[in-house]
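Visitor: Hi! I have a model open here and would like to talk it through with you.

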Amino acid sequence: MAEKLYRDEAWLREQYIINKKSFDEIAKEQGVAQKCIWKWIHRYNIPVRPMGSHRVGKHLSEETRLKISQSNKGKRRSPEFCALISSMKMGKPNPSAALPKSPEHCANISNAKLGKKIKPCSPERRAKIIAHNRHAGQPKESHWNWKGGITPERNQMYYSKEYQTWRSGVFERDGYKCVKCGNGKSGVFRAHHVYNFSEFEHLRTNIDNGITFCYKCHEAFHVTFGYTHNNLNQIIDFLLFY
Ligand SMILES: [Zn+2]
Ligand SMILES: [Zn+2]
């Protein structure tokens, strides 16, 4: 397709919002991959409809309905797929939030929501949310992890090659496991300075001065021993008695 119409914002908006075409339909018509349409929709911040909602408002024959319902029976999204979707959504503000909504857009949204019940929040989930937000509104100084504001120096250090090398060196030496609880899941590790960062400048990138904790044990350590005057005795205490 020489014209690459999908790169034209107005055209793309018309196809997707007004004509209610799906990524798939637009991609097929343009002879490109769905991913490509997805990319341009995001680039132009076009509000994305929930999956499958392009069918809303279209009349399906009884036969088609039956086919769809049968083919969906027992299907579950794989964990990888769910992870992919959530990673795509992560950190992205809702693109529709800031945009003024056209009457068609409002109609689209209300169509998409039609017939969907909002799940009530379970008590467990509610407790989780409250626990997560418990520091909201409190002065930042009261948070256990408040370190008086990250200094530019500290910030710069975290992004430096030396620090990154130190960090991965510590993880590697400890076999990618929390030294306290043995948690070995990727992404949970924190490299903790035995003698703390701010007071022992010469030990900042010394691998012997690092220890691998998971984020939970790391939090527990600092809740117990604070952030200043950290030393090896505290580590031994923590490993043996906590
Ligand atoms: Zn630490
Ligand atoms: Zn741990």
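Predicted model: local features only at pLDDT ≥ 70, side-chain atom pairs only at ≥ 80, totals over all residues.

Visitor: What does the secondary structure of the protein chain come to?

Guide: Eleven helices and two strands. Helices (H or I, at least four residues) and strands (E, at least two) are DSSP runs, numbered from the N terminus. From the N terminus on, the order is α-α-α-α-α-α-α-α-α-β-β-α-α.

Visitor: What pLDDT does the protein chain average?

Guide: The average is 77, and 60% of the residues score at least 70. pLDDT is the predictor's confidence in each residue, from 0 to 100.

Visitor: Which elements have the lowest and the highest mean pLDDT?

Guide: Helix H5 (residues 79-89) is lowest with 54, and strand E2 (residues 210-214) is highest with 97. The pLDDT is below 50 over residues 52-57, a stretch with nine contacts in the model beyond near neighbours in sequence. It is also below 50 over residues 92-98, where there are three such contacts. Two residues are in contact if their C-beta atoms, placed from the backbone, lie within 7 Å.

Visitor: OK, on to helix H1. Which of its residues are buried?

Guide: In H1 (residues 9-18), those are Leu 12, Gln 15 and Tyr 16. They cover an arc of only 85 degrees around the axis, so they sit on the same side of H1. That arc is taken from the directions from the helix axis to the C-beta atoms. On the other side of H1, Ala 10 and Ile 18 are exposed.

Visitor: How do you define buried and exposed?

Guide: A residue is buried if 20 or more other C-beta atoms lie within 10 Å of its own, exposed if 12 or fewer, and partly exposed in between, with C-beta atoms placed from the backbone. Buried residues make up 11% of the 242 residues in the protein chain.

Visitor: And what do the buried residues of H1 pack against?

Guide: Helix H2 (23-30) and helix H3 (34-43).

Visitor: At what angle do H2 and H3 pack?

Guide: About 115 degrees, with their axes 8 Å apart. Axes are lines fitted to C-alpha atoms, for helices over the stretch in contact, and angles run from 0 to 180 degrees between N-to-C directions. That makes H2 roughly perpendicular to H3; angles under 35 degrees count as roughly parallel, over 145 as roughly antiparallel, 65 to 115 as roughly perpendicular and the rest as oblique.

Visitor: Which residues meet there?

Guide: Phe 23, Asp 24, Ile 26 and Ala 27 in H2 meet Gln 34, Cys 36, Ile 37 and Trp 38 in H3.

Visitor: Changing topic: where is Cys 214?

Guide: Cys 214 lies in strand E2. It counts as buried because it has 21 C-beta neighbours inside 10 Å.

Visitor: What does Cys 214 touch?

Guide: Leaving out residues up to four places away in sequence, Cys 214 touches Cys 178, Cys 181, Asn 183, Val 188 and Phe 189. The C-alpha atoms of Cys 214 and Ser 186 are separated by 9.6 Å, and these two are 28 residues apart along the chain.

Notes:
Residues numbered from 1 in each chain as written. Chains lettered and ligands numbered in written order.
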